Amino acid sequence: MRLRLATWNVNSLRVRLPQLTGWLAAARPDLVCLQETKLEDARFPRADLQAAGYSAAFAGQKTYNGVALLSRAPLEEIGAGIPGFADEQKRVIAGTLGRTRVVCVYAPNGQSVGSDKYAYKLAWYAALRDWLRDELARHARLALAGDFNVAPEDRDVHDPVLWQGQVLCSEPERAALRALLELGLADAFRLFPQPDKSYSWWDYRMLAFRRNAGLRIDHVLLSPELAKRCSACTIDKAPRRLERPSDHAPVIAAIS
DNA sequence: ATGGCGCGCGCAGCGCGA
């Protein structure tokens, strides 16, 4: 099994489709988790992606959220949402490729610490953890990838003092992410030596990308069976340099 | 710095993202 697994928050699939197809041709991933497609399912560009060599499974809605899985080989056991967690927001889609289970997530942003959206974020994380515990029991080879909207540690934050206690960096959010790691999942990016100041998201404002004022909030988490087969994990900053980019860069993991 | 950008919606300017 050789698998190149990627995740990318595209911030509107309609706008980013040309960049996505260009990136697919250049990076040649086998499986891609997309977030913030912002498309109803009837508007999903299935034919364009088929022409690019990928079948798709998707769960979308107008304007907000929306997730998809792109795969060179057919996916099975496709399911949207977290079972038992009623949620109008399309944030989760899962599928199985051979013996590998892939769960694509777009975690809630949380808006600000203490807000209703922050409470929803923590409840969503608790439901995700409970479900993943069962999924991991069923699938030794499991990848959980997406936009987690949490920077795990201060080294994942360009200015930890500025961000201390803020949404995306607060201790309850970091604890929620750690609870996933405590199920046995490994942060693929940290399995390898990485450059300092590696981030996956940069604000559109304040020349943040040029200043590398970013956060690492997009992650690929791997079960032990996949982690021991993982040979690399990198953030591809090239798409963030294009005209009209997504504010997120893709993260790609190689599994052998 | 506490705005600034970019998206969708829809046709003005707002809600939202992170």
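This is a predicted model: local features need pLDDT of at least 70, side-chain atom pairs count only at pLDDT 80 or more; totals for chains, interfaces and linings use all residues.

Residues are numbered from 1 along each chain as its sequence is written, and chains are lettered from A and ligands numbered from 1 in the order in which they are written.

**First sheet**

Select the six strands of the open sheet ordered E3-E4-E2-E1-E14-E13, whose pairing is mixed. Strands (E, at least two residues) and helices (H or I, at least four residues) are DSSP runs, numbered from the N terminus; two strands pair if DSSP finds at least two bridges between them. E3 and strand E13 (230-235) are the edge strands, each pairing on one side only. On average, neighbouring strands of this sheet are turned by 15° against each other, direction ignored; the axes are lines fitted to C-alpha atoms, and angles run from 0 to 180 degrees between N-to-C directions.

Next, select residues 55-59, strand E3. Four of its five residues are buried, so E3 is largely enclosed by the rest of the structure. Buried denotes 20 or more other C-beta atoms within 10 Å of the residue's own, with C-beta atoms placed from the backbone. E3 runs antiparallel to strand E4 (residues 67-71), with five bridges between them; Ala 57 stands opposite Leu 69 in E4.

**Helix H3**

Select residues 116-138. Helix H3 has 23 residues and reaches 33 Å from its first C-alpha to its last, close to the 33 Å expected at 1.5 Å a residue; the expected span is 1.5 Å times one less than the number of residues. Lys 121, Trp 124 and Tyr 125 are among the buried residues of H3. Their cover includes strand E7 (100-106), strand E8 (142-147) and helix H5 (171-181), where contact requires C-beta atoms within 7 Å.

**DNA strand B**

Finally, select DNA strand B, which 23 residues surround; the closest are Ser 12, Lys 62, Asn 109, Tyr 204 and Arg 205. A residue is near the strand if its C-beta atom lies within 6 Å of it.

Conventions. A residue is buried if 20 or more other C-beta atoms lie within 10 Å of its own, exposed if 12 or fewer, and partly exposed in between; C-beta atoms are placed from the backbone. Two residues are in contact if their C-beta atoms, placed from the backbone, lie within 7 Å.
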